Amino acid sequence: MLRLLQCEAMKLRRSRFLLIGIAGTLIVPFFIIIKAVTRYGSDSRTVVSLFTLYDDALMFLMLLFAPLVLTILHAWIVSREYTDGTLKNIFVIPVSKTAFLCGKLLFLACVTFAFMLISWLEILVLAILCSFFVPVTDLTILSAFFFLVRMLSGGLFLCATQTPFLYLTIRTRGFVAPLIAAAAVCFVNVVLSGSPIAGVYPWSASWLFVCRRFHGQSCPAGLSAALILIMCFWGIAACLLRFRREEVG
Amino acid sequence: MNLLCFLLFVTALLAVLYAVTVTRDTKRQIAEMLDALADIKSGNGNRRILAKTRDRAAPLAYEINEIVLSYENRLAALRRTEEANKRLMTSLSHDVRTPLTTLIGYLDAVEKGVVTGTERDDYIEIACRKSRALKDYVDVLFDWFKLNSNEFAVKMDTVEAAELTRTILIDWIPVFEDRQIEYDFSIPGRPFAARLDPDAYARILNNLIQNVVTHSRADNIRISLRESENRVEVRVSDNGAGIKTQDLKHIFERLYKCDSGSSEAGSGLGLSIAYQLTEKMNGKITAESEPEKGTVFTLMFPAAAE
Amino acid sequence: MNNYVIETKNLTKTYGVGTSVADLNIHIRRGRIYGLLGRNGAGKTTTMKMLLGLTRPTAGEVFLWDKPLRGNKRNLLPRIGSLIEAPGFYPNLTAAENLRIFAALRGVPGPRAIENALEFVRLPCRDKKLFSQYSLGMKQRLAIALAIMHDPELLILDEPMNGLDPVGIAEIRLFLRQLCDGKGKTILISSHILSEIALLADDVAIIDKGVLLEEESLAALEQRSRKYIHFAVSDTAQAARILEREFGETQFAVEDDCNLRLYHPELSVTKIVRVFGENGLEVFEAHTCGESLEDHFKRITGGEGIA
C-alpha cells in the first residue's frame, strides 16, 4: 500500500494540474486576509482576529472552494489513468483493482489533508505578517493549534463528502461530470448556508460540524452525522464495486 | 493524560500492523522465490525472480537471476547447435535422396540397355559427374560438422596472399574451360602479406567459385585481389542469375537454399562454411547481387603488419 | 506437462448482442513466435485482453502454463510482458520515470533493468524529454521497453510494429526473432499484415469475425502453399532421369520410391505423363497442389483478403 502511495506521488511530478491545485489552495486564505485588512482600514473599530480569519476561511473552504478545487484534483488524479491509458499497464503487473483503488482513495485523502494543512499554514503566516502592520487579536499558539484540529477535521469531512464525485469520475471516466456536479453542490451550499435545514445536506452539514453551528438548526446533529456517514460508505462502496468490474477497452 | 494514552495505543497498533505486514510480505516473497526456483529446476531457464529494488531480498533475487541467465545462455548455444544438426539431418535425407535416385535412374537405364551407343557413354558420364558432386557434398558436410563442433581450428599465419590465390585459381582453370566460362583474374604481381590460415582461405575461395560454377549459370567470372586500407580485398564476381533481394540476407545462414528441391547436389552449406571460416579469421564477407545481372562476393582480411 | 504456454478453451466474448470472440481454441507452444492474423476488428485485441485478464471472458477459460488464469493472476501475470493497443504512459514524466513507476510496482530481475530496457529500444536513459513530447515511434519503443523490462518468459504484443519506421520494424523483428531463437522466449504477436506475420512467426492463427479459421505452423502453410505437381509413379529413379533428360528439369524432389514432387507447375502435366508412359513407367497419380499464401488467406477469410 505504501508503494502505491509512493507511486501516486511520483506520478504528480511536473504536472500542471498540481500547480492549478496549489494556486486554488492559496487563493482563499489570501482573499480572507485582504478582506479583513481592508475592513479594518475603512473602519478601525473592527479588529483583525485570528478567530474570525479561520472561521471565515472554514466557511468559504468547506462550502464553496474545497469541493471545487478538490474535485478538480481528485477527478484528474483518477481520470488520468483512463485518458492516459495506463490502467492496462497497471492491471497486468498485476495490481489488484481493489488495492489500486484503495491506494488512490488513501492518496486522495492525503491530498485533501494537505490542502487543509496548506490553507491553515497560509492563514497563520499571513496573520503573523499582518500583525506587523495592524493589530491581530488571538494570535496565540493555542488558538492556532485549536484551528489546526478544526481544519483537519474539516479535511476528514471533506474526504467523506467527496466520494460521490469520485464515483462519478469512475463512472464517466472523465472529470467534466464530477466538476459540474461539484459546482451544483456548491451552489446549493450557498443557498442553504443560512437556512435551518442546512443539516440535512451532507456538504453544508459537515461545515456545521466543523464550526459547531448546530444551534438554531431544525435537524438534529445525529441525523446529519448519519447522513454523512451513509453517503461516505455508499460512495466508497459504489466506487469499489464499479471499479472492480472495470474492463480495459 | 488521556491523549498520551491514546497516542501510545495508536503507536503500538501501528507497530503491530507494520510487523504483521513485513512478516506477511517476507513469507510471500520466499514462497514466490521457491515457486520460481522449482520452475527453474524443472528446466525453465527463462523464469526470473522479480524484486523491488529496495526489498531486502532484492540482492538475493538479482544474484539468482544472473546465475540462471548465464546458464541459460550456455544452454541456448548448445540448443542452437543441436537444432541446426537436427535440421541438417532432416534435409540431408532429402538432399542426398533426390540426386542419388536420379543417379540410379541413369545407371539403371544403362544396365537395362535402354540406351545405347553415344547416349550410353553420355549417361555414364552424367552418372560420374553426379556421383562426384555427391562426394563433394559429403566433403562439405564433413567440414560443416567439424566447424560446428568447434573441431576446426584455424592456424593464423602471415602468408603471401597473391601467390596463394594464384595457386588456388590454377586448379579451377580446367573447370572453367570445360564449362565454357570466361575467366578474368586480376592479381597484382607484387606480394601481399596477410594474416590467414591458408587452408581455410583455400576452402572459402573454392566454395565461392564452386557456388558460381554450379548455381549461377554465369558465363563470365572475375576474381580480383587488391589492398585497401590495410586490408586484403578479394572479389569474386559473376554475370549469372543473381540472387533475389529477399534471399540475399539469408545466404550465409546455415542451410539456407534459395530453391529447395533439386536433383543437383547442393547443400546450402558452402556459403555458410565460407562465412564461418571468414569470421574465424577475423575477416568479413559480403554479397551484393542484382537478379539476372550477377553477384559479387567480397572477402576482406586484415593485412599483416609490416 | 504439455508444452503449451497459452491454451484457451472455447474462449468467448460478447458485447451486448455482438460477438467479438467466439469459441476460440488456440494453442501456443513454448519457444515459438505465434502470429495472430486478422483484419482490424477481427477480435485480436479482445483475445489478447482476455489472455491478460484485462477483460473477463463471457465463457471459456484461459490457461497459462497449464494453470487457469482465473485465480492465479498474481503468479502468472508477472511472467508476461505485454503491449496492448496504444502505449499508455504518464505524459508529465520522462521515459525512465515512467518505467520506474511500473518497476516499483512489479519488481525487476536485476538492478539495471530499466537502463537495459531503454538501451535496448534505443531510447536515451538520462533524457529530460517528457513522454508527451515523444513521437509516435518513440512512444511505441517505450511501450516495448516496458514489455521486456522484467525479462518475461512470454510476450503478448498487439500490433507492435505500429508507428515504427521501416528501420525500427526491421530492428524489432530481428530482436523478437533473437529472443525466441536465442533465449527460448515465447511470443504472441498480432497483426493485420500478412507479410509481417509471414516474416516473423513460426505458427499462425487466422481469425476473422472472432472465429478461428486456421491454426497451423508457418512451415506447413508454406509447404502447402508452394506450388508443385505431385506424381506417384512406379519407379522414381527412371522418372527423375526422364525429367532431367527430356525436360531439362532439375527442380524436383524424390520423396520415396514412388512419390515425386516437381516444383515447376508451368509444365504440362499431360505431356509429362505421356512421356513417362512412353518410357514404360506407370503413373498412378499426377496433380497440381498448393496455392500462394495470399490466395490461401483470401480463400479462408471469404474472399476479401487480409491486408
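**Note on the predicted model: chains A, B and C**

1. Confidence in chain B by element. This is a predicted model.

2. Confidence in chain B as a whole. The mean pLDDT of chain B is 82. A value of 70 or more is reached by 92% of the residues of chain B. One stretch needs a separate mention. Over residues 257-261 of chain B, pLDDT stays under 50. For that stretch the model has 17 contacts beyond four places in sequence.

3. Domains of chain C. Here the domain assignment gives domain 1 (4-217) and domain 2 (227-289) of chain C. Their centres, again over C-alpha atoms, are separated by 47 Å.

4. Chain C against chain B: extent. The contact involves 39 residues of chain C and 39 residues of chain B. About 3,100 Å² is buried between chain C and chain B, and carbon and sulfur atoms give 45% of that area. Which residues of chain C lose the most area to chain B? They are C:R241, C:E244 and C:R245, together 18% of what that side buries.

5. Chain C against chain B: polar links. Six salt bridges are counted between chain C and chain B. One pair of side chains that meets in a salt bridge is B:R47 and C:E153, at 3.9 Å from N to O. The count of residue pairs in polar contact between chain C and chain B, both at pLDDT 80 or more, is 16.

6. Chain C against chain B: which elements. On the side of chain C that touches chain B, at least two residues each come from α2, α3, α6 (166-183), α9 (236-247) and β13 (252-254) of chain C. The largest share, seven residues, is that of α9(C). By class, this side of chain C holds 13 nonpolar, 10 polar and 16 charged residues.

7. Salt bridges overall, and one pair to inspect. Over all chains, the rule counts 43 salt bridges. The side chains of C:R79 and B:D39 meet in a salt bridge, with 2.9 Å from N to O. C:R79 lies in the loop between α2 and β7 (80-83) of chain C, while B:D39 lies in helix α1 of chain B, so the pair joins two chains.

8. Chain C against chain A: extent. In this interface, 30 residues of chain C are in contact with 28 residues of chain A. The buried area between chain C and chain A is about 2,600 Å², and carbon and sulfur atoms give 58% of it. On the chain C side, C:L54, C:Y90 and C:L105 lose the most area to chain A. Together these residues make up 26% of what that side buries.

9. How many salt bridges does the rule find across the interface of chain C and chain A? The number is three. The side chains of A:R13 and C:E97 meet in a salt bridge at 2.7 Å, N to O. Across the interface of chain C and chain A there are also 13 residue pairs in polar contact, both at pLDDT 80 or more.

10. Chain C against chain A: which elements. Helices α2 (73-76) and α3 (95-106) of chain C each supply at least two residues of the side of chain C that touches chain A. The largest share of that side, seven residues, comes from α3(C). By class, the side of chain C that touches chain A has 17 nonpolar, five polar and eight charged residues.

11. Backbone of chain A: a cis peptide. The peptide bond joining A:I93 and A:P94 is cis, with omega about 0°. A:P94 sits in the loop between α4 (87-91) and α5 (97-130) of chain A.

12. Backbone of chain A: a positive phi. A:D138 is not a glycine, yet its phi is positive, about 60°. A:D138 is placed in the loop between β2 (136-137) and α6 (141-172) of chain A.

How values were computed
Residues numbered from 1 in each chain as written. Chains lettered and ligands numbered in written order. Heavy atoms only, no water. pLDDT = per-residue confidence, 0-100. Contact = heavy atoms within 4.5 Å. Buried area = accessible area lost by both parts, 1.4 Å probe. Salt bridge = Lys/Arg side-chain N within 4 Å of Asp/Glu carboxyl O. Polar contact = N/O pair within 3.5 Å; in protein donor to acceptor, adjacent residues only side chain to side chain. Helix = DSSP H or I, 4+ residues; strand = E, 2+ residues; numbered from the N terminus. Nonpolar A, V, L, I, M, F, W, Y, C, P; charged D, E, K, R; others polar. Domains from an automatic or database assignment.
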